[in-house]
Amino acid sequence: MTEKTTILNLPEDELVHPGNRACAGCGLSIIYRIGLKALGRDTILVVPPSCLTVLQGLYPIAATQLPCLNVTFASTAAAATGVLGALRAQKNESTIVAAWAGDGGTSDIGIQALSGACERGEDFIFICYDNEAYMNTGVQRSGTTPQGVITTTTPFSGKAQKKKDVPSIIAAHGIDYVATASASYPLDLYDKIVKAKAIKGPKYIHVHTPCPAGWGFNPRYTVKLGKLAVETGLFDLYEIENSEFSLTGASEKLIGKKRKTVDEYFKTQSRFRALSKEQIENIQNEIDAKWAEYNKK
Amino acid sequence: MHIIESGNVAAANGVKLAKVQVIAAYPITPQTPLTEKLSEFVDAGEMDAQYIPVESEHSALSVCIAASSTGSRVFTATSANGLLYMNEQLHWAAGARLPIVMCVVNRGIGAPWTVWNDHQDAVSQRDTGWIQIYCCDHQQIIDTVLKAFYLAETVNVPVMVCYDGYILSHTYMPFEIPAQADVDKFLPPFKPDYALNPGQPANLNTVTLPDIRPDVRGNMAPGYMEIRHNLHTDMRDAIAVVADIDKKFAEVFGRNGNPYIEEYKCDDAEFVAICMGSLSYHLRDVVDILRKEGIPVGVMGLRLYRPFPDQAVRDALSARKGIIVFEKALSYGNQGALYADIKSALYCAENKPAVHNYILGLGGREIKTDHLVECLRNSCKQPKTIGDTPQWIGLKL
């Protein structure tokens, strides 16, 4: 990225009203505010059921100043396709169509429609805010819940399976832009959305989004924990542009550097309480191996 | 222009003449030739529409829901399990009050797999808030597609145009393709009350509370229950609108005039066979045979199934001795769904005719004229209601 946005040149136009229904310390409320600034007013949003539905408010009051179509859980990317089809039919080539879904709506129930839309090359931005479980329904495991995490459907021993690597699945469709971001680095997300707007075809941005209620931490630490996930090398900020992978921002700065250990991150959240020493060691080894590959590049 | 073509091609020509802007579809037998024809029209530049080949029926209707919400005229088509896969979206489209038109090429549903015709697919979706109209021949298919857009956009309720798989979809019949200029006279361009628009933002279909609630200016907005009540009331009002549109259609094109029920030899009939779809034309032969035997019988094809035109049904049937309901669908564990509706409509009539219920043709089981003659003759000879248990035609246990 050439010109990095700073807090000084971020647009002042606020598109999300204060006093919305998000929980205290919600990572989504950070990225939604900044993300909509990046998208701008000439945007139509498509949203499936998720915490975002709640954040946006109850009829007839809305917390968002952009037009938004609420759609069924499995249909987000197909609905975005429909909005695009109508805009094309009306010769509107300027309005941005952005789908904004949670990790369940993206990686589980929504993946068929998302895969179809990516294969068809639909000109939209799909933003997945990944808070690593079904938070809106009360913290049930999802495809992107990390291994070992306690949720209400993995209540005692934690989730047995690994986190689904959704960005890689989407990148395998051969689309021109896939990126990850974090709620703790909102300006990095801002720049990635601005970049995505200028690219034709499907764009996918996967945003790691801390959730105090679901992860079990004090709401004051949202930004700190999101950063810790990056600093430990557990969640990496990167872009895959025209099939070229590159680490970005805070993750890029970690190349060749000593990272914080994963247990430092795990001990901050009650959801990791079932992890044994051995499991933590295994995860640390996997992270070290992943970073050994990064460091070679 | 008159041509000899299949029912699917008749439907496709109706969609083309309606100047649909966005089409989304997923292939399923026996709907497939309809959507193939539409993609031909679009690819050849004969039709200025976006054709979106989606990855499922769920997504097909999702595309239509979103494109309609963004202000475009939309169309999709499906059959059988494809329609069932749309179920959640059917409710969503009606709840969101979107004037979507969909052809349902009627086919039995699995398990076990069948690709042949019956009406279980559409009948099982009767409570989704969609208008359902059944066609008896190819001319009705193309005409009904045009009228369906007018109707949907007048009452803001989506419309299913149903026609029998294979029996109508794949057989060839002569029909007239109306001139585009006449269609343009009949069907105005789609002008939605609201379409998604960054210049006038709105949050559509969001969470709605059980009770009414004021907006930021203090104006009361409806709650969930008011929204449902309005859908129901508008569906009931649509019954009259169907007749108005039929009249307007007849003025421009010089045909039609049976918006609810198409009658054959019913003027003096003491007994009336009633059913939906192409079977009613098959039953005309049966009526002719029985008339020769001196049995005063006629047949009615019910065109509008939802909203149910109960007053028209009552007016048409209550003075008869016996009503014989033939159905290609069943409410398992009870009776034919149409039979129940007709009995319900007749309940408050002064004279209550006997009502018989026959189930036939499920999963494409051949419907033989001889069987129909025998069953209808028997029913006319015993004009008493003999309990609600349906009798099965052509069953080989």
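Which residue of β9(B) does A:Leu69 stand opposite? A:Leu69 stands opposite B:Leu204. The legends below place this pair and other details in a predicted model, in which local features need pLDDT of at least 70, side-chain atom pairs count only at pLDDT 80 or more, and totals for chains, interfaces and linings use all residues. Residues are numbered from 1 along each chain as its sequence is written, while chains are lettered from A and ligands numbered from 1 in the order in which they are written.

**View 1. Overall form of chain A.** Chain A has twelve helices and eight strands; helices (H or I, at least four residues) and strands (E, at least two) are DSSP runs, numbered from the N terminus. Its C-alpha atoms fill a box of roughly 60 × 45 × 40 Å along the principal axes. Of its 297 residues, 54% count as buried, that is, with 20 or more other C-beta atoms within 10 Å of their own, whereas 12 or fewer means exposed and values in between mean partly exposed, with C-beta atoms placed from the backbone.

View 2. An open sheet of nine strands, with mixed pairing, runs in the order β8(A)-β7(A)-β5(A)-β6(A)-β4(A)-β3(A)-β1(A)-β2(A)-β9(B). Its edge strands are β8 (244-247) of chain A and β9 of chain B, each pairing on one side only. Two strands pair if DSSP finds at least two bridges between them. Strand β2 (residues 68-70) of chain A pairs with β9(B) in the parallel sense over two bridges. Strand β7 (residues 238-241) of chain A pairs with β8(A) in the antiparallel sense over four bridges, and A:Glu239 stands opposite A:Ser246 there.

**View 3. The side of chain B that touches chain A.** In this interface, 38 residues of chain B are in contact with 39 residues of chain A, contact being C-beta atoms, placed from the backbone, within 7 Å. On chain B's side, the largest share, nine residues, comes from α3(B).

**View 4. Two cis peptide bonds in chain B.** Most peptide bonds are trans. The bond from B:Thr29 to B:Pro30 is cis, with omega near 0 degrees; B:Pro30 is in the loop between β2 (22-25) and α2 (32-43) of chain B. A cis bond also joins B:Ala111 and B:Pro112, with omega about -10 degrees.

**View 5. Two asparagines with positive phi.** B:Asn156, with phi near 55 degrees, lies in the loop between α7 (138-155) and β7 (159-164) of chain B. B:Asn156 counts as partly exposed because it has 17 C-beta neighbours inside 10 Å. B:Asn256 has a positive phi of about 85 degrees, and counts as buried because it has 20 such neighbours inside 10 Å.

Key: Two residues are in contact if their C-beta atoms, placed from the backbone, lie within 7 Å.
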